[in-house]
Amino acid sequence: MKDLLYADADRFDCRDAFVATLEDLGAQDTAIVAVCNDSVGSSKLAGFRDRFPERLINVGIAEQNMVGVGAGLANGGKIPFVCAASPFLTGRALEQIKADVAYSRTNVKLIGISSGMAYGELGPTHHSIEDFAWIRALPDVPVVAPADRHETAAAIRWAVAHDGGCFLRLSRVGVPDLLPDGHVFRLGVADTLRDGGDVTLIANGVLTHRVMEAASLLSNRGIDARVLNMASVRPIDAHAIVAAARETGAILTAEEHTTFGGLGSAVAEVVVDHAPVPMTRMGVPGVFAHTASANQLLDDFGMTPDAIADAAQTVLARKG
Amino acid sequence: MDVDELERLANHIRRRDLRAVFEAGAGHIGGEMSVIDILTTLYFDVMDVDPARPDWANRDRLVLSKGHTALALYVVLSERGFIPKDEVSSFLQHNSRLNGHPNRVKVPGVETNTGPLGHGLPVGVGMAKAAKLDGASWRTFVVVGDGEMQEGSNWEAIMAARQFGLDNLTLIVDHNGLQQGAALADTNDLAPLLPKLEAFGWTAREVDGHDIGALRAALSRDAVTPGRPTCLVAKTNKGHGISFMSGNVAWHHKVPNADQYATAMAELEGEAG
């Protein structure tokens with residue numbers, strides 16, 4: 001019998017939590033500014049603009065300039081939130097992120113909006129399934145993918161307090177609540193959403209609720225799965241990964257990202273170095289996606305709760 | 001400091017730069033000779049900076065977007081008191097904080113890390129915008145090479161600066177007409193730059209980039225048009241002050257041998273009087 005925890009749950013767009021939090025914090029701290037590339041609508045910044053018109057800096061459709069302007073604003077004492085569709089922010093302006101944010105160690109908050117395959121049918125130009133790999137290759141830019149609206153709000157509060165750059169990846173695809181209202185985000189610390197001893201499922205972003213459903217399915221099959229919400233891809237919670245390897249003996253990762261260099265790769269690096277155990281990585285298998293909606297693409301790439309549960313059983317069977 | 005003193009100082013900085021290139025066996029000497037009068041005028045006449053407080057919030061900002069001429073900036077910063085004068089000898093040495101491109105995390109007085117071309121002006125736009133948001137009077141100066149203006153990111157920033165009315169931003173184009181391997185005119189000829197900048201809504205002027213008196217006048221607050229950013233197209237000579245390097249594309253990053261070094265130093269010393 002299926003026990004779909006979230007199938008009928010209300011779903012929320014994390015962008016709403018982002019802008020609500022940004023407006024609250026912006027009211028308290030005039031150093032907070034938003035920078036965007038004509039993306040007031042897609043970044044949901046109209047409210048921020050209306051409340052703080054001088055602090056909404058729209059550079060037009062010019063992503064390289066956008067990130068450079070963010071670095072300059074930080075030099076002038078501002079706390080810039082640079083907001084743009086994730087593929088253009090991270091792809092077009094990658095060298096600015098490297099030189100002006102990471103290497104220059106500027107206090108720039110990079111907000112990748114509609115990340116992953118959120119743009120669905122618009123196609124691979126608008127998908128951002130490489131950004132974990134690109135950004136986590138850079139020193140000094142934490143990479144964070146919140147799983148729900150409460151974690152998003154918490155991550156924004158953390159970002160303002162954090163003295164340095166960071167990259168937050170926010171989907172537009174609705175997700176159910178997983179973490180409590182008032183959740184406190186801790187960089188580099190995974191949340192154990194479900195404890196278990198047979199296998200560990202690790203995910204973040206829009207995949208976390210799917211692996212929670214998979215864990216529920218596994219429970220029905222008599223398998224006790226641990227679920228780690230690994231919002232922080234860099235720095236990654238090596239302690240939780242090693243503990244999961246030692247205590248459950250098998251690990252599955254699932255992500256809205258290519259399997260080349262993302263969350264699964266980051267987890268595998270820790271596993272290989274410190275606690276080798278059977279592992280399987282789910283994600284986009286190194287291809288440009290076909291035409292489908294965001295959630296349909298996740299299904300098509302084998303990340304339905306059922307398929308995740310099946311993959312977990314397969315990796316579990318490889319345990320020595 | 002009067003113009004004579006600034007000229008003597010610029011000559012001294014040229015000699016220190018030449019020696020450091022010779023000793024390090026690397027550098028970008030042509031572009032350094034090209035930009036030194038501009039940097040000297042900025043740091044010793046125009047800009048309000050305090051070496052004892054490199055992070056002072058109301059300092060004027062300089063972004064050397066043509067970061068490959070970092071050595072010229074290091075020598076200027078050392079003469080201005082941001083770093084010890086004898087540290088210039090460590091240029092490119094193992095574990096020196098003075099690598100081939102400036103690093104703000106390591107070197108006091110450097111505002112942003114440059115090296116990849118076309119990065120400085122967008123950052124300068126952000127700095128100038130920050131000052132505007134605060135109603136602060138500090139100014140931002142960005143120095144780019146003329147070949148660097150081929151980077152599209154500059155033109156994104158040029159549009160934004162005009163849109164934001166950044167009259168506290170000055171772009172100085174070190175217009176020596178030579179890029180790494182050939183003349184600008186033979187590569188991707190952006191000249192004349194003045195009408196292009198004017199077409200984008202900037203106040204643009206040409207200035208002799210080796211006439212310190214003209215530079216200080218062009219860089220003064222009085223020369224600013226309210227509501228518009230300023231571009232100075234500084235006509236310069238790559239290798240200025242050293243006859244066999246002057247206007248010679250071969251000296252983009254060539255290193256003088258001992259004879260050439262002696263000749264070059266003698267010429268600069270002769271000019272110093």
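Predicted model: local features only at pLDDT ≥ 70, side-chain atom pairs only at ≥ 80, totals over all residues.

Student: OK, how is chain A divided?

Tutor: Chain A splits into domain 1 (14-170) and domain 2 (191-317). Taken over C-alpha atoms, the centres of domain 1 and domain 2 of chain A are 26 Å apart.

Student: And how many residues are in contact between domain 1 and domain 2 of chain A?

Tutor: On the domain 1 side of chain A there are 22 residues, and they contact 26 residues of domain 2 of chain A. In domain 1, α6 (131-136), β5 (143-144) and α7 (149-161) of chain A each supply at least two residues of that side. The largest share comes from α6(A), with three residues.

Student: Switching topic: what's the strand order in the open sheet of chain A?

Tutor: Seven strands of chain A, in the order β2-β1-β3-β4-β6-β5-β10, with mixed pairing. At the edges sit β2 (56-58) and β10 (232-234) of chain A, each pairing on one side only.

Student: Do β1 and β3 of chain A run parallel or antiparallel?

Tutor: Parallel: β1 (residues 32-36) and β3 (residues 79-85) of chain A are joined by five bridges. In one of the pairs, I32(A) is bridged to I79(A) of β3(A).

Student: Now the core. Which residues have the most contacts inside the largest nonpolar core?

Tutor: A34(A), V35(A), L201(A) and A312(A), in a core of 185 residues. Helix α2 (residues 29-46) of chain B gives the largest share of this core, nine residues.

Student: Where does this core lie relative to domain 1 and domain 2 of chain A?

Tutor: Between them, because domain 1 (14-170) and domain 2 (191-317) of chain A both give residues to this core.

Student: What does A312(A) touch?

Tutor: Leaving out residues up to four places away in sequence, A312(A) touches V199(A), L201(A), A214(A), L218(A), A225(A) and L252(A).

Student: Last one: how many residues of chain A are in contact with chain B?

Tutor: Chain A has 24 residues in contact with 25 residues of chain B. Both α3 (63-75) and α5 (94-103) of chain A supply at least two residues of the chain A side, and α3(A) gives the most, nine residues. The chain A side that touches chain B divides into eight nonpolar, 11 polar and five charged residues.

Technical notes
Residues numbered from 1 in each chain as written. Chains lettered and ligands numbered in written order. Contact = placed C-beta atoms within 7 Å. Helix = DSSP H or I, 4+ residues; strand = E, 2+ residues; numbered from the N terminus. Nonpolar A, V, L, I, M, F, W, Y, C, P; charged D, E, K, R; others polar. Pairing = 2+ DSSP bridges. Domains from an automatic or database assignment. Core = buried A, V, L, I, M, F, W, Y, C linked by C-beta atoms within 7 Å. Buried ≥ 20, exposed ≤ 12 C-beta atoms within 10 Å, placed from the backbone.
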